[in-house]
Amino acid sequence: MKVTIESHQGRLRLRWQDPDRRTLVLGLPDTPVCRSKAGMVKNQIELDWQTGQYDPTLLKYRPRTTGKNASEISAPELFARFTQHRAKEKGLAKSTIATKYKVIERQLSQYLDLPASSITKSSIGKLLEVWAKNLRSDIAKQRIWLLKSAWDWAKTRYQIAPENPWAGAGISFRPQPKKKIDPFDAEEVSRILDALRSSTEHSHYLGFAAFLLGTGARVGEAIGLRWSHLARDFTSVHICESRSKGVVSGGKTGKARTVPLSPSLAAILKAKKESVKPKPDDLVFRSHNGAEIDRDNFRSRVWRPILKEAGVPYRTTYNCRHTAVSYALAGGANYISVARATGHSPNVMHENYAGSIEKGSVFVDFGSPSI
């Protein structure tokens, strides 16, 4: 492969075929000194092609620039831009960005405030050491996975090392005991629903809370539920979407599922439909002003006050999912069937809810033998 140096409108560029016709604008004026620099890039491309090190993204050969459209940026800035990309793509909640992403950016600023291109497996050792001492292994591994994803995303956008420094990192972390699942008990559920039912300010959200507790749906799935997803006779619901901040996705696993509805929950939804007379694609649950429910606003303005009013110790709305699963299993439901209905992996279901499955003796009580 031969690379040619050209002058276009007084600026230098390189042209070649690989086999597609390629052009690399160098941003350099056509002067003897700059032609020498262009020759160095030309030689690098030709050498890489011959030795199998050719970069088809051309990022390796582009001038390293700074500013708004920089190709060379610091590690913290790289992760900040990845966060912006992920927030837009996934519709991340503000709380998720603050607790899972911004904390990583701050620690990169503290321990790895270096050009992203200089970050190697050896340079990340100090940060990993800090995490190993201060974090649970699952949280540390999640952060490493996000950093690996950020570097993979940046590969064709910015100047970074060819090898992802985060790939394979963290293997020395020891597993930590998982946080005990703490579902609401039957009395707490009753008090929560009664508080919503009698609240002049928050009764609007009774159906939303009842749906979370009665189906084990994820919060985003409940927010994204449309009337067309409900069976005509209200005996079941088809969960196929998740919604957050106006962004619609196929849910955490991307797999749709059909969930049976209890008679009481079916009655709540039927009454709600008769009251609002919605269109098929309308959202089932909306905020007071008819907009999409914002999970952060719901948590701070509705969920916390209602739990306080009901005299129930605070747990997140996700605990409604734990509650639904725990009571289903404790009631004798097959854990594989529950896993299908909630979108859990059967293995994860058994591992996380073994305590609910294995209540009491594991043996059949045949009664006392006659003596």
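User: What makes up the contacts in the chain between residues at least 6 apart in sequence?

Analyst: Of those contacts, 60% join residues at least 24 apart; contact here means heavy atoms within 4.5 Å. Keep in mind that this is a predicted model, where local features need pLDDT of at least 70, side-chain atom pairs count only at pLDDT 80 or more, and totals for chains, interfaces and linings use all residues. Residues are numbered from 1 along each chain as its sequence is written, and side-chain values use heavy atoms, with hydrogens and water left out.

User: Why is α9 called a helix, and how do you know what it should span?

Analyst: Helices are DSSP runs of H or I with at least four residues, numbered from the N terminus. α9 has 14 residues, 263–276. The expected span is 1.5 Å times one less than the number of residues, so α9 should span 20 Å, and its end C-alpha atoms are 20 Å apart, which agrees.

User: Which residues of α9 are called buried?

Analyst: L265, A266, L269 and K272. Buried means under 20% relative accessible area, exposed over 50%, partly exposed in between (1.4 Å probe, protein chains only).

User: Why do you say the buried residues line one face of α9?

Analyst: Look down the axis: they fall within an arc of 130°, so they line one face of the helix. That arc is taken from the directions from the helix axis to the C-beta atoms. These buried residues pack against α7 (206–215), while P263, S264 and S275 on the other side are exposed.

User: What follows α9?

Analyst: K277, with a positive phi near 50°.

Notes. Helix = DSSP H or I, 4+ residues; strand = E, 2+ residues; numbered from the N terminus.
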